Amino acid sequence: MIIAAGLSILWFVVWLLLSWPPSTGQVVAGFFVSLFVTFMTIDLFEKRPGGDGTKGLSYFLKIPVRIFWFVVYVFVFIWQCLRANIDVAFRVIHPGLPIRPGTVKIKTDLKSDTAITLLANSMTLTPGTTTIDVDKDSGYLYVHWLCVKELSGAPCQLPSAKRYEWLLKRVFE
């Protein structure tokens, strides 16, 4: 209950900062939106991500570290998206259209549903790649890639996927 109240206040403050200067309608809307967002995200904060749901002092002490790595992840994601946008734009305007589209199988060591989902969505939002399927049991993601580097049947690794995975492991596991 304390976590839910703290999250509601946090989301409400974020809403107020994003809609500054607030009006009466924005404050009322922010109140209800913060409750809704808390309801939708509370399980991410009440359970230990990827674990058995136990909570202890060591878990709560790790929250600032997890937040730090999430902020780093956001900046890495934005940088990778910018690079991928430039790469895709180059391939589109290049007269020879240097693409080799294909589907690749990527092995991931992530275990939590949240981390795997965020990894798959991050690759889909990065131009030039789209996550097609996730096989959580075997730990594989199937990704359509605009320019496949190797055409073997073995699992390969997208450079951006490895970076995302390394950071997401620190945030969610």
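Which residues form a nonpolar patch on the surface? They are F70, V74, I78, W79 and L82. Together they have about 460 Å² of accessible area. Keep in mind that this is a predicted model.

Let me stay with L82 for a moment. L82 is found in helix α3, which covers residues 57-93. Its relative accessible area is 46%, so L82 counts as partly exposed.

Now the overall layout. The protein chain has five helices and three strands. What order do the elements follow from the N terminus on? The run is α-α-α-β-α-β-β-α. The chain has 173 residues, and 29% of them count as buried.

K107 sits in strand β1, residues 102-107. Its relative accessibility is 35%, so K107 is partly exposed.

Next, salt bridges. How many are there? The count comes to three. I will take them one by one.

Start in helix α3. R91 forms a salt bridge with D87. The closest N and O atoms are 3.0 Å apart. Why are R91 and D87 separated by about one helical turn? Because they are four residues apart in helix α3. Are these two partners buried or partly exposed? R91 is buried, because its relative accessibility is 12% and the cut-off for buried is under 20%. D87 has a relative accessible area of 31%, so D87 is partly exposed.

Next, D113 and K136. Their side chains meet in a salt bridge, at 2.8 Å from N to O. This pair links distant parts of the chain, 23 residues apart. D113 lies in helix α4, residues 113-125. K136 lies in the loop between β2 (129-135) and β3 (140-145). How exposed are the two ends? D113 is at 47% relative accessibility, so D113 counts as partly exposed. K136 is at 44%, and K136 also counts as partly exposed.

On to helix α5, residues 159-172. Here E165 forms a salt bridge with K162. The closest N and O atoms are 3.7 Å apart. Both residues lie in this helix, three residues apart, about one turn. Why does E165 count as buried? Because its relative accessible area is 4%. K162 has a relative accessible area of 41%, so K162 is partly exposed.

One last stop, toward the start of the numbering. Where is S19 found? S19 is in the loop between α1 (2-18) and α2 (24-46). What does its side chain reach? It reaches the backbone oxygen of W15, at 2.9 Å. S19 is at 14% relative accessibility, so S19 counts as buried.

A quick recap before we look at the model together. On the surface, one patch is nonpolar and includes W79. Three salt bridges are counted. Among them, R91 pairs with D87, and D113 pairs with K136. E165 pairs with K162. And S19 reaches the backbone oxygen of W15 with its side chain.

Key
Residues numbered from 1 in each chain as written. Predicted model: local features only at pLDDT ≥ 70, side-chain atom pairs only at ≥ 80, totals over all residues. Heavy atoms only, no water. Helix = DSSP H or I, 4+ residues; strand = E, 2+ residues; numbered from the N terminus. Buried < 20%, exposed > 50% of the residue type's maximum accessible area, 1.4 Å probe, protein only. Patch = residues over 30% accessible without salt bridge, like charges linked within 9 Å, V, L, I, M, F, W, Y side chains within 5 Å. Areas by Shrake-Rupley, 256 points an atom, 1.4 Å probe, with all protein chains shown as cover. Salt bridge = Lys/Arg side-chain N within 4 Å of Asp/Glu carboxyl O. Polar contact = N/O pair within 3.5 Å; in protein donor to acceptor, adjacent residues only side chain to side chain.
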